[in-house]
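Open the model in your viewer and keep the sequence panel beside it. This tour goes from one selection to the next.

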Amino acid sequence: MAKLELRLRTFLPFKYVEHPIHPKTSRFHGDTRNYADWKSTAFRTSQSFTIDTSKANYGVKGKAKVGQTIQEDLVKGKWKVTKRETASDSDLTYNTNIIDDVLYINCKCAMKNPLVALAPAIDYTFVLKVTRTGSVRITGQRDGFPAYEFMRNITSMKKGPEIIYSAVPASAKEIGGLFPFLKSEWVDVGRSYDSTKNN
């Protein structure tokens, strides 16, 4: 049996991302990190789960958070912050079911930039599989943009946190990956649990 925390997040690994309609005069703040980081508070979307595998229903507690969107515009030759907004977390959802004593957390995201009316959403549909020993697996479909991270921290053993899955676009020019018909990725990554190792 194990107690663990899982984090599934998306983030913009760049300092800025150009406005899709006014790229020369308007831009959005990114999260300014190009790698998965458990401690970072910079992200676009976040779904986290605390799990106690000793409980019959795995004692799952989920939490959703959305990062603030900050827009800058070029005013008299200088970049100035003109808008700030945080989208609702209602488009970050999950449900759980237990099959053959294995926990499945079905996660879904359809989060749009709240400052651009017709912006494509960050879309993913993932299933997080968790066993009684704390083994985890992530499977599902995601957009090709932005960056993704899935991490596990086995709190009962004080082992971790560790990165299970991470994908980071090389350039902000890959933003077209927000359109699923242009680029969509299948994910299937797992990690076992060994009480003598942090794996």
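Where is S40 found, and between which strands? Select S40: the residue is in the loop between β3 (26-29) and β4 (45-52). Before going on, bear in mind that this is a predicted model.

**Stop 1**

Is S40 buried or exposed? S40 is buried, with a relative accessible area of 14%. Now show side chains. The side chain of S40 makes a polar contact with the side chain of R33, at 3.0 Å. S40 is then in contact with R9 and R33.

Next, select T32. T32 is also placed in the loop between β3 and β4. Check the backbone here: T32 has a positive phi of about 50 degrees, although T32 is not a glycine. T32 counts as exposed, at 54% relative accessibility.

**Stop 2: strand β4**

Select S48, whose place is in strand β4. At 13% relative accessibility, S48 counts as buried. Which residues is S48 in contact with, once neighbours within four places in sequence are left aside? Colour these: E5, L6 and R7, then K61, G62 and K63.

**Stop 3**

Go to V75, found in strand β6 (residues 69-75). V75 is partly exposed, with a relative accessible area of 32%. Draw a distance from the C-alpha atom of V75 to that of S26. The two residues are 49 residues apart along the chain, and their C-alpha atoms are separated by 9.6 Å.

Step on to K76. K76 is found in the loop between β6 and β7 (78-85). What is phi of K76? Phi of K76 is near 50 degrees, a positive value in a residue other than glycine. K76 is exposed, with a relative accessible area of 84%.

**Stop 4**

Select strand β8 (residues 92-99) together with strand β9 (residues 102-111). They pair in the antiparallel sense over eight bridges. To follow one of the pairings, pick Y94: the bridge partner of Y94 in β9 is C107. Then look at the turn. β8 and β9 form a hairpin with two residues between them. D100, in the turn, has a positive phi of about 55 degrees.

How many bridges join β9 to β10? Nine bridges join the two strands, which run antiparallel. Select Y104 and look across: its bridge partner in β10 is K129.

While these strands are on screen, recall one general point. In a regular strand the side chains alternate between the two faces of the sheet.

**Stop 5: two cysteines**

Select C107 and C109. How many disulfides does the count come to? The count comes to zero disulfides. C107 is in no disulfide, and the nearest cysteine sulfur, that of C109, is 10 Å away. The cut-off for a disulfide is a pair of cysteine sulfur atoms within 2.5 Å.

C107 is buried, with a relative accessible area of 1%. C109 is buried too, with a relative accessible area of 2%.

**Stop 6: the largest pocket**

The largest pocket has a volume of about 530 Å³. Two elements give two or more residues to its lining: β2 (16-18) and β3. β2 gives the most, with three residues.

**Stop 7: a cis peptide bond**

End at P146. P146 is found in the loop between β11 (136-143) and β12 (147-154). Display the backbone from F145 to P146. Is this peptide bond cis or trans? The peptide bond is cis, with omega near 0 degrees.

Conventions:
Residues numbered from 1 in each chain as written. Predicted model: local features only at pLDDT ≥ 70, side-chain atom pairs only at ≥ 80, totals over all residues. Heavy atoms only, no water. Buried < 20%, exposed > 50% of the residue type's maximum accessible area, 1.4 Å probe, protein only. Pairing = 2+ DSSP bridges. Helix = DSSP H or I, 4+ residues; strand = E, 2+ residues; numbered from the N terminus. Polar contact = N/O pair within 3.5 Å; in protein donor to acceptor, adjacent residues only side chain to side chain. Contact = heavy atoms within 4.5 Å. 1 Å grid on protein atoms, 1.4 Å probe; cavity = no way out; pocket = protein on both sides within 12 Å on 5 of 7 lines; lining within 4 Å. Points joined across faces, edges and corners; volume = space filled by probe spheres on them.
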